[in-house]
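Have a look along with me.

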Amino acid sequence: MSKLVIVESPAKAKNIKGYLGKGYDVVASMGHVRDLPAARLSVDVSNDFAPKYAIIKGKENFVEDLKKKADKADYVYLATDPDREGEAISWHLAYLLGLKLDEKNRVTFNEITKSGVQKGMASPRAIDIDLVNAQQARRILDRLIGYKLSPFVSQKIRRGLSAGRVQSVALRLVVDRENEIREFNPEEYWSIDAKFTNPPERKTFNAVLVSEPDGNKLKLGEKNIENKEMSDKILADLEGAEYVVSSVKKGTRTKKPTPPFITSTLQQEASRRLSFPARKTMKLAQEIYEGVDVSGLGTVGLITYMRTDSLRISEEARAAGTKFIKENYGEKYLPSKPRYYKTKGNAQDGHEAIRPSMPEVTPERVKGSLTTDQYKIYKLVWERFIASLMESCLQETIKIEIDAKGYVFSATGYSVKFDGFTALYEEKTDDLSKSASEAPLPPVAKGDVLRLKSLLGNQHFTQPPARFTEASLIKALEENGVGRPSTYVTITSTILSKEYVERKGKQFVPTELGEAVTNLLKDKLPNIVNVKYTSKMEDDLDKIDSGDKNYIDMIRLYFNDFEEPLEKAKKEMQGVKIKLTEEETDVVCEKCGRNMIVKVGRFGKFLACPGYPECKNTKPLVLKTNAKCPECGGDVIEKKTKRGTSFYGCSNYPKCNFMTWDMPTDEVCEKCGKSLFRKKGGVLYCPDTEGCGFTKSTRKKKED
């Protein structure tokens with residue numbers, strides 16, 4: 001018998017074919033084959049929001065070939081990804097191929113290994129129509145809102161803009177945070193910091209004033225000592241004081257490991273630890289999920305499916321991980337009873353947390369078979385999973401209180417009694433204050449008289465909330481129940497590509513355009529940018545998965561909520577245009593002598609004369625760098641491909657054909673004086689065509 005298996009990606013098709021062997025033809029659909037055409041609304045609002053799907057442009061011949069293969073096959077298996085999107089792709093394929101929806105032809109693979117594929121093939125089921133409807137509800141609602149809202153925003157601000165059910169909430173979070181920072185008024189406060197030794201010990205340790213003689217408690221980081229005068233008075237009171245240890249409290253605390261990764265936590269940790277954008281993280285995770293050729297193992301998928309918000313792991317994986325820990329770390333590194341992590345109530349529990357598909361395969365075992373970045377992601381996933389099964393870290397804590405004329409200083413520290421999971425892995429944090437660990441303290445006893453090494457009043461100022469990074473924005477979206485694991489990358493990418501937000505280092509800073517869009521929506525369509533409203537919508541849409549809600553009723557409810565205020569806003573703002581500040585340049589219009597301004601058109605930014613309509617002069621926007629062309633000495637300018645990717649070339653083109661993808665810098669070559677360029681790996685080099693050969697590394701070694 002001939003059997004046709006349809007998956008989503010060519011890499012996965014190749015690997016699964018190797019596991020299934022003869023009698024199976026495995027082909028890739030390359031994602032969706034049918035969708036709502038973008039050129040029109042493609043939803044019949046008056047007919048229960050019936051979607052008008054069409055084969056995606058360019059896939060017509062592929063679909064015809066697929067139909068021929070399906071007709072020849074004795075059986076067709078739909079093996080697209082194990083999530084809502086994958087279920088919908090299988091449903092579309094079933095429609096196009098004329099397959100029965102109640103037929104058990106749907107198979108899923110949580111991991112692309114021989115056992116994972118065999119397990120999936122052994123348990124075919126019918127297409128889950130509730131999952132399909134949950135995907136359709138989101139797709140249709142997103143189309144209705146985006147298709148009707150984006151033109152309104154574009155007409156009122158500038159052409160080519162977009163707004164949507166989730167992206168607009170994410171943008172509002174960034175804008176609101178920026179407003180908090182602007183409105184923040186730093187307040188001065190002081191701390192009294194001391195350094196002591198306990199003779200004959202020579203090692204110094206730090207302590208901070210926590211209580212005054214009248215019993216007034218001073219909380220760290222708060223405005224207790226308000227100014228220098230108050231600080232100086234305390235320092236004067238303490239002159240000639242004897243510093244005596246008044247109490248020593250010892251205890252223990254337990255630090256538990258973090259759970260294995262879900263999509264959002266993988267993206268956050270890869271950002272913090274590796275500085276990977278979420279899109280890059282997901283691309284690398286997809287590659288090692290679908291399968292890589294590993295020396296000695298053949299082609300295998302190294303991790304389970306990477307789009308999940310479940311913390312569940314299989315008992316087989318738990319057993320394999322436990323066995324590895326016992327053999328490599330010893331029995332004492334295993335908890336007395338297995339640790340189970342609780343998945344959030346609104347999470348989809350269709351498949352497991354992200355874990356290594358074969359826990360016994362260490363990162364070092366596969367390092368030579370992976371790219372550097374693939375290895376980093378696998379190492380992260382593997383270590384996090386193994387650590388999650390290990391015993392907690394046990395720390396011995398110590399708190400010392402020191403009395404001086406009724407003033408009380410405090411010093412805290414800890415030592416590791418048993419390292420537990422920290423022998424392998426510890427999660428990074430966005431909170432830099434937590435990274436400064438408590439220092440070990442020297443032996444002290446109650447009644448010891450300490451030697452004062454220094455006593456200082458230190459000025460501080462209260463700090464505003466931190467701007468969002470991609471990692472912290474994803475965390476905020478997750479905590480607020482906005483969006484789902486599969487959408488976070490798209491959300492952050494969209495607000496960046498639309499220039500609503502710009503990166504400054506790792507921070508997300510809203511642009512004037514982004515603030516204008518948010519303010520317009522907050523004023524006219526508050527529900528669209530309301531975090532709680534969007535979270536409730538997500539929860540309701542999730543209920544379609546289990547069949548508890550009718551998807552058409554759900555679309556109608558939220559579309560009606562949206563349509564009425566939109567129509568009202570259109571009437572109220574008829575003829576109104578929100579004007580943004582125009583960026584003036586030093587480029588002079590050769591027709592009328594005015595300084596030209598930056599405009600944004602259909603194809604990106606360009607220069608235009610501010611004298612329009614009297615003067616209609618326009619020209620391309622040339623982004624000049626400080627570097628000089630190594631071939632002719634002309635200016636090096638930034639250019640864009642049709643896809644918006646930056647490259648650099650000589651301003652004297654076509655007379656000079658110099659071009660590079662590497663970023664020009666302000667630095668010059670120490671040998672020949674020509675401009676240096678930076679490769680992706682952080683290496684500066686001289687592109688002198690005569691073969692200067694100068695290079696210089698700018699990378700600093702980082703701890704993993």
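My entries below go from the whole chain to single residues.

**Entry 1: the whole chain**

I noted at the start that this is a predicted model. I counted 18 helices and 29 strands in the chain. Along the principal axes, the C-alpha atoms fill a box of roughly 95 × 80 × 65 Å. I then checked burial, and 47% of the 704 residues count as buried. I also looked at contacts between residues at least 6 apart in sequence, and 66% of these join residues at least 24 apart.

**Entry 2: the nonpolar cores**

Which residues touch the most other members of the largest nonpolar core? I found Leu 149, Val 153 and Leu 302, in a core of 140 residues. Helix α5 (residues 129-156) gives the most to this core, with 10 residues.

A reminder to myself: in soluble globular proteins, nonpolar side chains tend to be buried together.

**Entry 3: α14 and what covers it**

I wanted to know how many residues of α14 are buried. The count is 8 of its 10 residues, so I wrote the helix down as mostly covered, taking under 20% relative accessible area as buried. After α14 comes Gly 481, with a positive phi near 70°.

I took α6 (residues 167-183) as the partner to examine, and its axis lies 11 Å from that of α14 (residues 470-479), at an angle of about 120°. That angle makes α6 oblique to α14. The crossing of the pair is right-handed. From α6 I listed Ala 170, Leu 173 and Val 174, which meet Leu 473, Ala 476 and Leu 477 of α14. By class, the residues of this contact are 6 nonpolar, with no polar and no charged ones.

**Entry 4: α8 and α12**

Next I turned to α8 and helix α12 (residues 372-388), whose axes come within 11 Å and cross at roughly 120°. This crossing is right-handed. On the α8 side, the contact includes Thr 265, Leu 266, Glu 269 and Arg 273. On the α12 side, I noted residues including Lys 376, Ile 377, Leu 380 and Arg 384. The contact of α8 with α12 has 6 nonpolar, 1 polar and 4 charged residues.

**Entry 5: Glu 103 and Met 121**

I found Glu 103 in the loop between α3 (84-97) and α4 (114-121). Its relative accessibility is 26%, so Glu 103 counts as partly exposed. Leaving aside neighbours within four places in sequence, Glu 103 is in contact with Tyr 75, Arg 125, Ala 126 and Ile 127. I also noted that Glu 103 and Pro 124 are 21 residues apart along the chain, with 9.2 Å between their C-alpha atoms.

Beyond its neighbours within four places, Met 121 is in contact with Val 5, Leu 20, Tyr 24, Tyr 77, Val 107 and Phe 109. Met 121 and Ala 79 are 42 residues apart in sequence, yet their C-alpha atoms are 8.9 Å apart.

**Entry 6: backbone details**

Where are the cis peptide bonds I noted? One runs from Tyr 612 to Pro 613, with omega near 10°, and Pro 613 is in the loop between β20 (604-608) and β21 (618-620). Another joins Tyr 653 and Pro 654, with omega about 10°; Pro 654 lies in the loop between β24 (646-650) and β25 (659-660).

I also wrote down two non-glycine residues with positive phi. Ser 275 has phi near 60°, lies in the loop between α8 and α9, and is partly exposed at 38% relative accessible area. Lys 405 has a phi of about 55° and lies in the loop between β13 (393-404) and β14 (407-418). Its relative accessibility is 48%, so Lys 405 counts as partly exposed.

Technical notes. Residues numbered from 1 in each chain as written. Heavy atoms only, no water. Axes fitted to C-alpha atoms, helices over the stretch in contact; angles between N-to-C directions. Helix = DSSP H or I, 4+ residues; strand = E, 2+ residues; numbered from the N terminus. Parallel < 35°, antiparallel > 145°, perpendicular 65-115°, else oblique. Left-handed = near helix turned anticlockwise from the far one by under 90°. Contact = heavy atoms within 4.5 Å. Nonpolar A, V, L, I, M, F, W, Y, C, P; charged D, E, K, R; others polar. Core = buried A, V, L, I, M, F, W, Y, C linked by side-chain atoms within 4.5 Å. Buried < 20%, exposed > 50% of the residue type's maximum accessible area, 1.4 Å probe, protein only.
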